[in-house]
Amino acid sequence: MGSKVENFRRITDSGVVAVVRAENADQAFKIAEAVKAGGVEAIEITMTVPGAIDVIKELAKKYTADDVLLGAGSVLDAETARSCLLAGAEYIVSPTLDLETIKLCNSYQKIIMPGAMSVNEVLKAMKAGADIIKVFPASLFGPKIIKSIKGPIPQAPLLPTGGVNLGNVKDWIQAGCVAVGVGSSLTKGAKDDNYQLVTETAAKFVEKIKQAREEL
């Protein structure tokens, strides 16, 4: 189990958080293995997965924290966040800005990524103690929303989720994101049991992010 600072660095180094919306625990395990093989360490199990907290618990047993950085996504309240942390999650991701969830995660010294869209929400999240702000749904505005937010708040650590793909990930990174959250465009191969495609796609995301950063 790494420290909060170490885990933050792991997320930002690879630049990708894999958002897993699996149909069952077995599929979640296979996706986790596939994205890990492609160089993505941060894996977010969303609460929309059937038995999501049990899936996190089983993944935490299967993988050490050095292998996979497990997180929980689509977390709507502090009670759910606590259950996820006790099951083995190292970070919590929410689609909304819930102050009690931020407080809870800070109490446990775990990374919290609340959702925000406006400059006002981003600043509120930072004041409350958020580690990374999830810009969601990012597909509504595209990479230009990042530049707009970072104009008045250049220090904001932003992670867009929704609409990020291999074709535009470079634009997101170069707009100023610390990392990106990627769901279906990364894990779509799992629907056809093509986990090799998931691994290849993960590797492409990592490489494109590396190239985008080198060009800055």
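A: Helices (H or I, at least four residues) and strands (E, at least two) are DSSP runs, numbered from the N terminus. This is a predicted model, where local features need pLDDT of at least 70 and side-chain atom pairs count only at pLDDT 80 or more, while totals for chains, interfaces and linings use all residues. Residues are numbered from 1 along each chain as its sequence is written, and side-chain values use heavy atoms, leaving out hydrogens and water.

Q: At what angle do α2 and α10 pack, and how far apart are their axes?

A: Two packed helices are described by the angle between their axes and the distance between the axes. Here α2 and α10 (residues 195-214) meet at about 40°, and their axes are 7 Å apart. The axes are lines fitted to C-alpha atoms over the stretch in contact, and angles run from 0 to 180 degrees between N-to-C directions. The pair is therefore oblique; under 35 degrees would be roughly parallel, over 145 roughly antiparallel, and 65 to 115 roughly perpendicular, with the rest oblique. From α2, the contact uses Q27, K30, I31, A34, V35 and A37, and from α10 it uses Y195, V198, T199 and A202. Contact here is heavy atoms within 4.5 Å.

Q: Which classes of residue make up the contact of α2 with α10?

A: There are 7 nonpolar, 2 polar and 1 charged residues. Nonpolar covers Ala, Val, Leu, Ile, Met, Phe, Trp, Tyr, Cys and Pro; charged covers Asp, Glu, Lys and Arg; the others, Gly among them, are polar.

Q: How do α1 and α10 pack?

A: Their angle is about 85°, with the axes 8 Å apart, and α1 and α10 are therefore roughly perpendicular. T12, D13 and S14 of α1 meet V206, I209 and R213 of α10. These divide into 2 nonpolar, 2 polar and 2 charged residues. Among the buried residues of α1 (residues 4-14) are T12 and S14. Just after α1, G15 has a positive phi of about 80°.

Q: What about α3 and α4?

A: Helix α3 (residues 52-62) packs on α4 (residues 78-87) at about 20°, with axes 8 Å apart. They are therefore roughly parallel, and their crossing is right-handed. I53, I56, K57 and A60 of α3 touch S83, C84 and A87 of α4. By class, that is 5 nonpolar, 1 polar and 1 charged residues.

Q: Where on α3 do the buried residues fall?

A: An α-helix has 3.6 residues a turn, so residues three or four places apart point the same way. In α3, the buried residues are A52, V55, I56 and L59. Seen down the axis, they fall within an arc of 100° (taken from the directions from the helix axis to the C-beta atoms), so they line one face of the helix. They pack against α2 (25-37), β2 (42-46), β3 (69-73) and α4.

Conventions:
Left-handed = near helix turned anticlockwise from the far one by under 90°. Buried < 20%, exposed > 50% of the residue type's maximum accessible area, 1.4 Å probe, protein only.
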